Structures are given as structure tokens and as C-alpha cells.
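Please read them with the sequence and the coordinates open.

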Amino acid sequence: MQDTNPMPWGALDRYQAHFIVRKQSGQNDQDYVTKTKLITKGHFSSKTILKVEWNGSGSLARRLNEDAELNEMIAKQSIDDATIFVEPTDGAIRIRPKWKNHLSFGITKELFEIYDRIAGHIKKL
């Protein structure tokens with residue numbers, strides 16, 4: 001039977017690419033929880049990234065903050081692409097960007113290099 005009062009919204013076309021690094025986080029999951037903090041200038045479409053820092057209390061955030069070349073690579077990306085989250089899951093560490101719609105979803109070569117470099121830092125911990 002069809003709903004007589006259908007909702008005006010439905011499933012949204014939002015996607016995320018998750019990059020999984022197979023590594024046990026051990027007892028301290030907080031070592032692997034971090035996210036980019038973007039220092040920007042400008043407003044709306046003219047907003048540009050000046051500097052990238054990593055927020056987190058663990059050793060991964062410290063290690064990523066020390067990698068100046070990685071942070072320069074991230075600063076060259078758009079605001080949405082430069083927002084990166086790292087978090088532990090069951091038996092792995094996940095690296096993910098923000099949600100994107102079907103038109104803007106995709107991974108460029110530069111983004112893949114950024115995620116690969118972050119994964120290298122995760123493997124070294």
C-alpha cells in the first residue's frame with residue numbers, strides 16, 4: 001500500500017570514500033583520532049586555505065603536524081577536500097573526507113597521494 005502522505009525528501013545522494021589502513025589501534029584509540037583544522041582567509045567562494053593543522057590529542061596528530069610537506073599539499077586542495085578525518089574502527093584505521101554529492105564525488109591523484117602519506121604515518125606508529 002502506498003503512503004498517502006509521502007515525505008518531500010528521501011535518500012540523499014551523498015557519498016564518501018573511505019581509505020582503510022589495516023592496523024590494530026591497541027588499547028589507546030585516542031592516539032589515532034585526529035582531524036584537520038583549516039586556517040583560512042576570505043569568504044564564500046573566494047575562501048582559501050592559509051595553513052593546515054591537525055587536531056587531536058594522540059601521537060598521530062603530533063606526527064602529522066610535523067610533516068610540513070603534507071600540510072602544504074593539503075593546503076592546495078579545496079575546503080571540502082582539505083577536511084580530513086582519521087579514526088579507528090574494528091581492526092583498522094579509517095581516513096575519510098567530507099560527504100560529497102554525485103557530481104563532486106571523486107578522488108584526484110593529489111588526494112590519493114595525501115591519503116597514502118597519512119597512511120604511511122599511521123603504519124609507522
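1. Of the 125 residues in the protein chain, 34% count as buried (under 20% relative accessible area; exposed is over 50% and partly exposed in between, with a 1.4 Å probe and protein chains only). The model is predicted, with local features needing pLDDT of at least 70 and side-chain atom pairs counting only at pLDDT 80 or more, while totals for chains, interfaces and linings use all residues. Residues are numbered from 1 along each chain as its sequence is written, and side-chain values use heavy atoms, leaving out hydrogens and water.

2. The protein chain has 4 helices and 7 strands (DSSP runs numbered from the N terminus: helices are H or I with at least four residues, strands are E with at least two). Their order from the N terminus is β-β-β-β-α-α-α-β-β-β-α. Along the principal axes, the C-alpha atoms fill a box of roughly 55 × 40 × 25 Å.

3. The largest nonpolar core holds 25 residues, and Trp54, Ile95, Ile118 and Ile122 touch the most other members. Such a core is a set of buried Ala, Val, Leu, Ile, Met, Phe, Trp, Tyr and Cys residues joined through side-chain atoms within 4.5 Å. Elements that each supply at least two residues of this core include strand 4 (48-55), strand 6 (92-96) and helix 4 (109-124). Helix 4 gives the largest share, 6 residues.

4. Which residues does Ile118 touch, not counting those up to four places away in sequence? They are Trp54, Leu64, Leu70, Ile84, Val86 and Ile95 (contact means heavy atoms within 4.5 Å).

5. The axes of helix 1 and helix 4 come within 10 Å and cross at roughly 130°; axes are lines fitted to C-alpha atoms, for helices over the stretch in contact, with angles running from 0 to 180 degrees between N-to-C directions. The two helices, helix 1 and helix 4, are therefore oblique to each other (under 35 degrees is roughly parallel, over 145 roughly antiparallel, 65 to 115 roughly perpendicular, and the rest oblique). Leu60, Arg63 and Leu64 of helix 1 make the contact with Ile118, His121, Ile122 and Lys124 of helix 4.

6. Asn55 lies in strand 4. Its relative accessibility is 41%, so Asn55 counts as partly exposed. Beyond its neighbours within four places in sequence, Asn55 is in contact with Val33, Thr34, Lys35, Lys37 and Ala61. Asn55 and Lys100 are 45 residues apart along the chain, and their C-alpha atoms are separated by 22 Å.
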